Amino acid sequence: MKPRWLLLGVSLICVLVLFPAAALSQAATVNPGCGTATIDGRVGTAEWANAAELPLLEYLVGSSAEGRPQIEGVGPSQAQTGTAYFMNDERYLYVGAILPDAESDVPNNPPFYDVFMVVAFEDEPVGEPDAWVDCEWEATSCDDPEDEGWLFGDEALMPDYSYGGVSFGHWVAPHENCWDGTTANGVAFDWAPQGGGGHFEMRVDLQNSPLNNPDSGEGDCFDLRWMLTYFYGVTAAGGGDSVAGGWPDEPVDQGNYTGDCSVLCLNPCEVEFVPEPGTLMLLGSGLAGLGGYATLRWRTKE
């Protein structure tokens, strides 16, 4: 074998070792961008510029026996009525949403309101990729560990009640909602009115919250089962209306829920990438070898 061909082969091996095949990476429906958000209830264009997006579809809102609004399903058109945003950094998952009021049903900046955002998830242990994409509730009772269910951020200011905060609740296969509503540790929520609609922001600690199985590393995934945003605003005189947007196109706790979900895979979001000395030596050897091959080839032509 000619020296230049041997040199070329060794050099290419050194370089290619650094670039694993793309086929080994797992495809995902939602790939959050890298970024950090301040949880102030305002989804800023610059702050959320790297976030992945999902459409929020128009949901119908009815009334419960107590008179409280209740999500019934999707609107007849299933039109997009808002946008959800997802990104993560080394420690947190950030979920944002903008829910406009396209038909001007809700009073602008109402003095009384009820607003919430729900994120339902199935959190599988790291290292079990088959389970990440099964879109199935694993719990069989409300006593099962809190690694699946819903994170609920809520704020209300109404004449007869005032409350808010973040809570966690279970869902049990196939459609039972345990409504345990315990405080969600490691979760922050805020919102801000925007015309007749609203902005929503949630931050979830990936180590100290119910969503604590994934790490912020490439390929760590979980099922994003359901997302819902809701805003109800009324005037001092009592007039008003609501807007609601969710994904996918039916509530996860309804009897006809088909199990649709997204798989959300966290991105490795290191603050700074510093190559290890061995990596630098390997890369340098490969590049130097390629340079040597080019020199030998040039001399051969002379």
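Colleague: A disulfide is a pair of cysteine sulfur atoms within 2.5 Å. With that settled, which cysteine does a disulfide join to Cys142?

Modeller: Cys178. The S to S distance is 1.8 Å in this model, which is predicted.

Colleague: Is that link left-handed or right-handed?

Modeller: Left-handed, with -90° about the S-S bond of Cys142 and Cys178.

Colleague: Where do Cys142 and Cys178 lie?

Modeller: Both are in loops. Cys142 is between helix H2 (129-132) and strand S7 (148-158). Cys178 is between strand S10 (176-177) and strand S11 (182-183). So the pair ties together parts that are 36 residues apart in sequence.

Colleague: Buried or exposed, for Cys178? And what about Cys142?

Modeller: Cys178 is buried, at 18% relative accessibility. The cut-off for buried is under 20%. Cys142 has 30%, so Cys142 counts as partly exposed.

Colleague: How many disulfides does a search of the whole structure find?

Modeller: Three. Another one joins Cys34 to Cys269, S to S 2.1 Å. The torsion about that S-S bond is about -80°, so this disulfide is left-handed.

Colleague: How far apart in sequence are the parts that Cys34 and Cys269 tie together?

Modeller: 235 residues. Cys34 is in strand S1 (residues 33-34). Cys269 is in the loop between strand S16 (262-265) and helix H3 (277-301). Cys269 is buried at 9% relative accessibility, while Cys34 is partly exposed at 33%.

Colleague: And which cysteine pairs with Cys221?

Modeller: Cys265, with the sulfur atoms 2.0 Å apart. Here the torsion is about 100°, so the disulfide is right-handed. Cys221 sits in strand S14 (residues 221-234) and Cys265 in strand S16, so parts 44 residues apart in sequence are tied together. Cys221 and Cys265 are both buried.

Colleague: New topic. What pLDDT does the protein chain average?

Modeller: 74, and 64% of the residues score at least 70.

Colleague: Where is confidence lowest, and where is it highest?

Modeller: Lowest in helix H1 (residues 3-16), at a mean of 37. Highest in strand S5 (residues 92-99), at 96. The pLDDT is below 50 over residues 1-28. That stretch has 31 contacts in the model beyond near neighbours in sequence.

Colleague: How many contacts beyond four places in sequence does the model have for residues 271-280?

Modeller: Three. The pLDDT stays under 50 there too.

Colleague: On to the inside. How many residues are in the largest nonpolar core?

Modeller: 36. Phe86, Leu93, Phe200, Met202 and Phe231 have the most contacts inside this core. Strand S6 (residues 112-122) gives the most to it, with five residues.

Colleague: How many residues does the second, separate core have?

Modeller: 12, among them Val118, Trp137, Trp150 and Val252. As background, nonpolar side chains tend to be buried together in soluble globular proteins.

Colleague: How many aromatic pairs does the structure hold?

Modeller: Eight. Take Trp191 and Phe231: the ring centres are 5.0 Å apart and the planes are at 50°, so the pair is tilted. Trp191 is in strand S12 (residues 187-194) and Phe231 is in strand S14, so the pair ties together parts 40 residues apart in sequence.

Colleague: Buried or exposed, for Trp191? And for Phe231?

Modeller: Trp191 is buried, with a relative accessible area of 7%. Phe231 is buried too, at 0%. Phe231 is also one of the residues with the most contacts inside the largest core.

Colleague: Which residues do ring pairs link into a cluster?

Modeller: Phe116, Trp150, Phe152 and Tyr230. Trp150 also belongs to the second core.

Colleague: And which residue lies over the face of Tyr92?

Modeller: Arg203, at 4.9 Å from the ring centre.

Colleague: Last one, on the backbone. What is the phi of Ser104?

Modeller: Positive, about 55°, although Ser104 is not a glycine. Asn109 also has a positive phi, near 45°. Ser104 lies in the loop between S5 and S6, and Asn109 lies in that loop as well. Ser104 is exposed at 61% relative accessible area. Asn109 counts as exposed at 51%.

Key
Residues are numbered from 1 along each chain as its sequence is written. This is a predicted model: local features need pLDDT of at least 70, side-chain atom pairs count only at pLDDT 80 or more; totals for chains, interfaces and linings use all residues. Side-chain values use heavy atoms; hydrogens and water are left out. A nonpolar core is a set of buried Ala, Val, Leu, Ile, Met, Phe, Trp, Tyr and Cys residues joined through side-chain atoms within 4.5 Å. Buried means under 20% relative accessible area, exposed over 50%, partly exposed in between (1.4 Å probe, protein chains only). Helices (H or I, at least four residues) and strands (E, at least two) are DSSP runs, numbered from the N terminus. pLDDT is the predictor's confidence in each residue, from 0 to 100. Contact means heavy atoms within 4.5 Å. Rings of Phe, Tyr and Trp (its six-membered ring) pair if their centres lie within 6.5 Å; planes under 30 degrees apart count as stacked, over 60 as edge-to-face and the rest as tilted. A charge sits over a ring if NZ of Lys or CZ of Arg is within 6 Å of the ring centre and within 35 degrees of the ring normal.
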